[in-house]
Amino acid sequence: MKPLEQALNDYLSLKRRLGFRFQAQAISLRSFVVFLQAEGVPYITTELALRWATQPAKAQPFRWAHRLGVVRRFAIWLSAVDPRTEIPAADLLPHRYRRKPPHIYSDEEIERLLRQAQQLHSPRGLRAFTYTTLFGLLEVTGMRVSEPLGLDRQDVDFVRGILHIRRSKFGKSRYVPVHPSTVEALKGYAEARDRLFPAPPTPTFFLSERGGRITRFVAARTFALLSLQIGLRVPAKRRSGRSPRLMDLRHRFAVRTLVHWYRAGLDVERELPKLSTYLGHVHVNDTYWYLEAVPELLQLATDRLIQEEVQP
């Protein structure tokens with residue numbers, strides 16, 4: 001094995017021992033090492049890192065910046081053992097990803113979506129029940145799409161009303177308490193699921209029609225097609241149309257919670273870390289983003305600030 005390949009393996013091993021999954025980054029870095037080998041260069045140079053990062057030419061600039069950032073962090077580590085390593089400047093590609101404004105679903109839109117999910121073609125009688133329960137759970141908990149799909153039966157505690165989310169984004173695990181009405185809905189689904197699949201081949205809580213775990217892609221695709229059918233998504237070249245997205249259910253939960261706190265007169269600044277923890281955010285700044293992303297929240301925050309300034 002060539003020295004650069006060995007160095008990359010050592011770097012990936014270290015990252016994973018520290019708890020990072022590092023899957024997408026590993027694929028990118030292996031591609032980069034192959035690129036260097038094709039160029040006949042056994043160490044990292046800024047020029048080659050930049051040339052590799054800006055591929056493909058039609059990609060969004062923020063994706064170039066992300067690719068270069070992955071290489072830069074590897075280069076920083078590698079420079080300790082290989083002095084020939086050049087570390088690309090942090091501002092070489094200053095582009096940053098700009099989040100799309102979230103779509104905040106109305107109660108009427110949620111009702112139409114769930115009603116349409118109940119009409120899904122389901123030879124075994126499970127598919128419609130699965131997606132109605134899944135989308136409803138996402139709406140009332142604000143979980144990431146991958147989190148309920150990753151639940152196994154043992155992760156759903158009906159007695160205490162707690163969901164155990166294991167190794168979600170950034171490898172974090174957490175407990176998510178849910179309302180008693182949500183527990184009853186999950187119980188109802190579990191009973192129907194077990195009648196149809198008394199001995200499924202997988203321990204997953206949410207089952208597909210074939211008795212397996214549902215993938216994030218399939219869940220998002222199903223949601224998109226349902227949304228298109230009820231006029232929630234705009235028809236486009238893609239069969240499933242364009243926006244809103246399944247992940248916007250998470251945004252709805254966060255925004256409604258914050259709006260409720262403001263209207264109830266609570267100290268949102270003090271309450272915000274609770275929401276951040278519940279949602280599984282790594283940094284509370286990720287939760288603050290909603291204040292500037294949603295006009296109503298920004299106005300409520302501004303009004304509260306003005307009230308505090310005029311009070312003696």
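Which helix holds the place of Thr182? I opened the notebook with that one, working on a predicted model.

**Entry: Thr182**

I found Thr182 in helix H8, which covers residues 180-196. I then looked up its contacts, leaving aside neighbours within four places in sequence. Thr182 is in contact with Leu137 and Val140.

**Entry: H5 and H6**

I turned to helix H5 (residues 107-117) and helix H6 (residues 127-141). Two packed helices are described by the angle between their axes and the distance between the axes. For H5 and H6 I noted an angle of about 160°. Their axes are 8 Å apart. Angles over 145 degrees count as roughly antiparallel, and H5 and H6 are therefore roughly antiparallel to each other. I logged the crossing of H5 and H6 as right-handed.

Which residues in H5 meet H6? I listed Ile110, Leu114 and Ala117. On the H6 side they meet Ala128, Tyr131, Thr132, Phe135, Gly136 and Glu139. I sorted the residues of this contact by class: six are nonpolar, two polar and one charged.

**Entry: the cores**

In soluble globular proteins, nonpolar side chains tend to be buried together. I looked up the largest nonpolar core here and found 52 residues in it. Those with the most contacts inside this core are Leu134, Phe135, Leu163, Phe205, Phe206, Ala219 and Leu246. Which elements give two or more residues to the core? I wrote down H5, H6, strand E2 (162-165), H8, helix H9 (216-229), helix H10 (248-263), helix H11 (268-279) and helix H12 (284-293). H10 supplies the largest share, eight residues.

I followed up on Leu134, again not counting residues up to four places away in sequence. Leu134 touches Pro148, Leu149, Phe206 and Ala219. Of these partners, Phe206 and Ala219 are also on the list of core residues with the most contacts.

I also found a second, separate core. It has 28 residues, including Phe22, Phe32, Phe35 and Leu68.

**Entry: Arg63**

Arg63 has a relative accessible area of 48%. Exposed starts over 50%, so Arg63 is recorded as partly exposed. How many residues apart in sequence are Arg63 and His95? I noted 32. In space, Arg63 and His95 are 8.3 Å apart, C-alpha to C-alpha.

Notes: Residues numbered from 1 in each chain as written. Predicted model: local features only at pLDDT ≥ 70, side-chain atom pairs only at ≥ 80, totals over all residues. Heavy atoms only, no water. Axes fitted to C-alpha atoms, helices over the stretch in contact; angles between N-to-C directions. Helix = DSSP H or I, 4+ residues; strand = E, 2+ residues; numbered from the N terminus. Parallel < 35°, antiparallel > 145°, perpendicular 65-115°, else oblique. Left-handed = near helix turned anticlockwise from the far one by under 90°. Contact = heavy atoms within 4.5 Å. Nonpolar A, V, L, I, M, F, W, Y, C, P; charged D, E, K, R; others polar. Core = buried A, V, L, I, M, F, W, Y, C linked by side-chain atoms within 4.5 Å. Buried < 20%, exposed > 50% of the residue type's maximum accessible area, 1.4 Å probe, protein only.
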